[in-house]
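Got the viewer open and a selection tool at hand? Here is a walk through the model, one stop at a time.

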Amino acid sequence: MTISFDTHPSRYKHWKISFDGEIATLAMQVDPNGGLKEGYELKLNSYDLGVDIELADAIQRIRFEHPEAKCVVVTSGTDRVFCSGANIYMLGSSTHAWKVNFCKFTNETRLYLEDASKHSGIKFLCAVNGACAGGGYELALACDEILLVDDGSSAVSLPEVPLLAVLPGTGGLTRVVDKRKVRRDLADVFCTTSEGVRGKRAVEWGLVDAIAPRSRFADAVKERAASLAKKAGDAKKGPGIELDALAPEIDGGTYRYRFVTLAIDASARVATVTVKAPTGSIPEGGDAIQAAGASQWSLRAFRELDDALLRLRIDHLDVGMLVLRTEGDAAKVAATDRALHAAKDHWLANEILRLQARVLRRLDLTSRSIFALVEKGSAFGGSLLELALASDRIYMLADDDEEVAIAVSPANAGAMPMSHGLSRLESRFQREPERVQKVLATEGAITTEDANALGLVTVAPDEIDWDDDVRIAIEERASLSPDALTGMEASLRFAGPETMESKIFARLTAWQNWIFQRPNAVGPQGALTKYGQPDRAVFAWTRC
Amino acid sequence: MSLTDSIPNNVDLGSDKKLLRALEKWQPDFINWWMEMGPDGFQKDEIYLRTAISVDPKGWANYEYVKMPDYRWGIFLTPREGERDIGFGDHAGDKAWNEVPGELRSILRRIIVTQADTEPASVEQQRQLGKTAPSMYDLRNLFQVNVEEGRHLWAMVHLLHQYFGRDGREEAEALLQRRSGHPDTPRILQTFNEKTDDWMSFFMFTMFTDRDGKYQLAALSESGFDPLARATQFMLTEESFHLFTGETGVERIVQRAAELTKLDANGDARAQGGIDLGTIQKWINFWFSSAVELFGGEISSNAADYFATGLKGRFREREKYTEHKALEGAYSMVVPGEQGRLASRDVPLRNAMNEILRDEYVADCERACRKWNHAIKKTGLDVELYIPSRRFNRSMGIYAGQSFAPNGEPISKEHFESMRSKWLPTPEDREYVRSLMTAVHERGKIANWIAPPKQGVDGKPFDWEYVRFAQ
């Protein structure tokens, strides 16, 4: 089954999006029969990947198409239920890989929401107008403020541990203590109480920011949204641009976008992504960037790359090796980056930079072995050099004619940090931090020899060895245990400190993945397997 | 049995100081709630009420004149008959629990709180009805129902206080804070937020909604949690009076409607200042369809959990069934299929527990309806009332969002809407019924739209001073 991540508000099944001046409203009203797969009903505003694809699209569109929005109210269009979280029957009937990919995408979506708050001056108010459990509360946690209806029965809860023998899969535990700074003992009580916490106590414990009675709720939402909008600042933002459909041509295992091609070699279990550098004139200055709109290379190419990565993740599980190639003029990429950075006070330039940063983080978090191939005619400059820096290894052709080169741009200087807050160069040179500045100080083309000396290259075969060396390296890599590689690569990629974001992915996904494999959750008598069944879960009591 | 304690009880409350303190703290709040939300305008009158003074079969009905705020609400559990085994579910055959098993704490609390919330809710719903009672007899019966709902609240609150610690105390407080129909703090179940502002609705409520209570309580009365089983067993003894009030109340309206129809030259009961059978049918349709929602989803994982954990069984589980695990076998259910057609589907037995309970309920309602039709027949009129299909007018469960005729046939939404005013009460109908609701508070007298009862209360005649008004 092929999943498309390309959607549009006119096709949403589960969300209603509306605008009133600087306040946007995203109302969740899940169509119970609109699940992505057969075999489960999305009752009580529970969600599956399809619901989240629309949410991610909505947030992205608000950023690009409605820059006037300063506060987004996230609420439910269903009476007395805000959201009951990820659909349990969907989880119970899903493969391990599907659950992991689903969790990863929902995590990314919620982080993007926080990214919009941090970088785009859009504040999020979660108007919890009914029962709010599990992933529903995790969505609320991703917002800047949570307002809960105080009707004597609506509660917020994280019932995963007591009810399902798994963890809140979207960073719930981490956000409760790291972001909302709930005291750990109270958090312990909260996370083991399936019925959750309501009203005044939820405020006292810091689980929500405020409560309002039913009759005052709509007014309270308005007031808080207005005050959040004020907090968002009064930066003037231009008219929005429309995000056109990506609509790749799909031909067997090949997906052709305008600037990106994803080619799947299923038998070799290798995917190759090729990104073309921009051609033609570079839009300089805010007005030109605004005029270029959705067809501006930096925006279009990275949206395409994002879509290709998602398709690879979801639809090609057996393809464990991702080879990154680029084509065109590295200098042109670097120049495009420079123009964008020079205009970064312009709202659209800023949004494009943020989007590039998000896509690069998506790449960091993609559980595939990633090799970058720097060859003749490749264009690893600036933002595309980040692709190479995100890779596990960089192969760069050593040629005497000095035709093979890379280039740096402001994109390499911390504008596109990884999840743990460091730039890819900083993360790379933990042992020799002075090299970061050395690399950034280079001007123009960096040849293979120089790149090697700077520590940017893993292996630099010459033309005689290149084909064989690269082929063998890829084949060898593809033969290793994918599980072990996933763990190894994730451990090596994120050297250095942690942030809430990196914790969510590292700690949570590691633990959650482990629990997803354990009999207490997914064994024949596991809680996820038995959810909604006549007989109940049976646990193995060994702790290890 | 101690009736002289501040809180009458048969649970030896005097020796449990902690529990006594907790309940004594809750008691004034309860009285405040009763004064604020109980029957409006009759708190100083002396009502001929039945009070439980003993839990044995003969002694629980003691009649005397009581002012309602002085009613001896208390805690009565059916006495324990030695050690009991859990009768069904995964723990069948184990010793019944006298303490809450930790793993079942939250599920058990949810069951008790949901049940408890309905008790004060109905008192609140019926708060204004005393002002329009059709007779002194009915006025007294209303108050009897009200004080017993109050005692049922006590029974559930006792469980919350004794077995659920601080959480339980908070839930007990919350029961006095929610308000039926209140926009901010509504009662948990929607039926208990509906208006009950005419006496026909009151009789329908006690017939249909309280009858749901009977089946819920019966299913809990064999619970593996022994205090819950014993509390609900005793509540059932009182519940039967509520059902009697509803069933005979509807019967008396039906009988009077038939009489007035016969009396009128054009067969128009309304012309005779009464309620016609067609209007009664609409009330039946409305209240029955609202009450069947209370049983919950037709296919329910909660119901399966309640059964599996031994907390809530089937109706007369021990007596009617031989196999108490219900792990094998399936229940065949009629479900909406493709293009509005009905299809049959097998559901694992445990997941169908709500529906199995609903079956018993529907059969019971149909039995009562046969009695009503018998009363019509006796007047010589050839008309029959009916209990609508359980699929009719539903907003929860598998039939929600689709339209069905009262006979259960799937129909289009447009068809349903075009028939709505024929099948369900219209604002005009409600206005008309309300216009008949004028108080008749003199002894021996009764409103024109309802027949007098066959007999009075406690062997007394209908013409008896059931209420001594304080002036």
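**Before you click**

This is a predicted model, in which local features need pLDDT of at least 70, side-chain atom pairs count only at pLDDT 80 or more, and totals for chains, interfaces and linings use all residues. Residues are numbered from 1 along each chain as its sequence is written, chains are lettered from A and ligands numbered from 1 in the order in which they are written, and side-chain values use heavy atoms, with hydrogens and water left out.

**Stop 1: chain A as a whole**

You'll be looking at 22 helices and 21 strands (DSSP runs numbered from the N terminus: H or I of at least four residues for helices, E of at least two for strands). Its radius of gyration is 24 Å, close to the 24 Å that the globule rule gives for 544 residues, so chain A is as compact as a globular protein of that length. That radius is taken over C-alpha atoms, and the rule is 2.2 Å times the number of residues to the power 0.38. Along the principal axes, the C-alpha atoms of chain A fill a box of roughly 75 × 55 × 45 Å.

How much of chain A is buried? Buried residues come to 58% of the 544, where buried means under 20% relative accessible area, exposed over 50% and partly exposed in between (1.4 Å probe, protein chains only). As for contacts (heavy atoms within 4.5 Å), take those in chain A between residues at least 6 apart in sequence: 75% of them join residues at least 24 apart.

**Stop 2: salt bridges inside chain A**

Over all chains, the whole structure has 91 salt bridges, each being a side-chain nitrogen of Lys or Arg within 4 Å of a carboxyl oxygen of Asp or Glu. Select A:Arg214 and A:Asp151, whose side chains form one of them at 2.7 Å, N to O. A:Arg214 lies in helix H9 (214–231) and A:Asp151 in the loop between strands S9 (145–149) and S10 (155–157) of chain A, so the pair ties together parts that are 63 residues apart in sequence. A:Arg214 is partly exposed at 22% relative accessibility, while A:Asp151 is buried at 1%.

**Stop 3: where chain B touches chain A**

Now show both chains. Here 29 residues of chain B are in contact with 19 residues of chain A. The area buried between them is about 1700 Å², with carbon and sulfur atoms giving 39% of that; this is the accessible area (1.4 Å probe) lost on putting the two parts together, summed over both.

There are five salt bridges between chain B and chain A. Zoom in on A:Glu195: B:Arg109 has its closest N 3.2 Å from the closest O of A:Glu195. A:Glu195 sits in the loop between helix H7 (184–191) and strand S11 (197–198) of chain A, and B:Arg109 in helix H2 of chain B, so the pair joins two chains. A:Glu195 is partly exposed at 24%, and B:Arg109 is buried at 9%. A:Glu195 also forms a salt bridge with B:Arg105, with the closest N and O atoms 3.6 Å apart.

Which elements of chain B give two or more residues to the side that touches chain A? They are helices H2 (105–125), H4 (165–177) and H8 (301–308). H4(B) gives the most, with five residues.

**Stop 4: helix H8 of chain B**

Select H8(B), where six of the eight residues are buried: B:Ser301, B:Ala303, B:Ala304, B:Tyr306, B:Phe307 and B:Ala308. Their cover includes helix H2 (88–93) of chain A, along with H2, helix H9 (317–320) and H10 of chain B. At the N-terminal end, B:Ser300 caps H8(B), with a side-chain oxygen 3.3 Å from the backbone nitrogen of B:Asn302. After H8(B) comes B:Gly310, which has a positive phi near 75 degrees.

Last, select B:Arg394 and B:Glu298, which form a salt bridge at 3.1 Å between the closest N and O atoms. Both B:Arg394 and B:Glu298 are buried.

Conventions. Polar contact = N/O pair within 3.5 Å; in protein donor to acceptor, adjacent residues only side chain to side chain.
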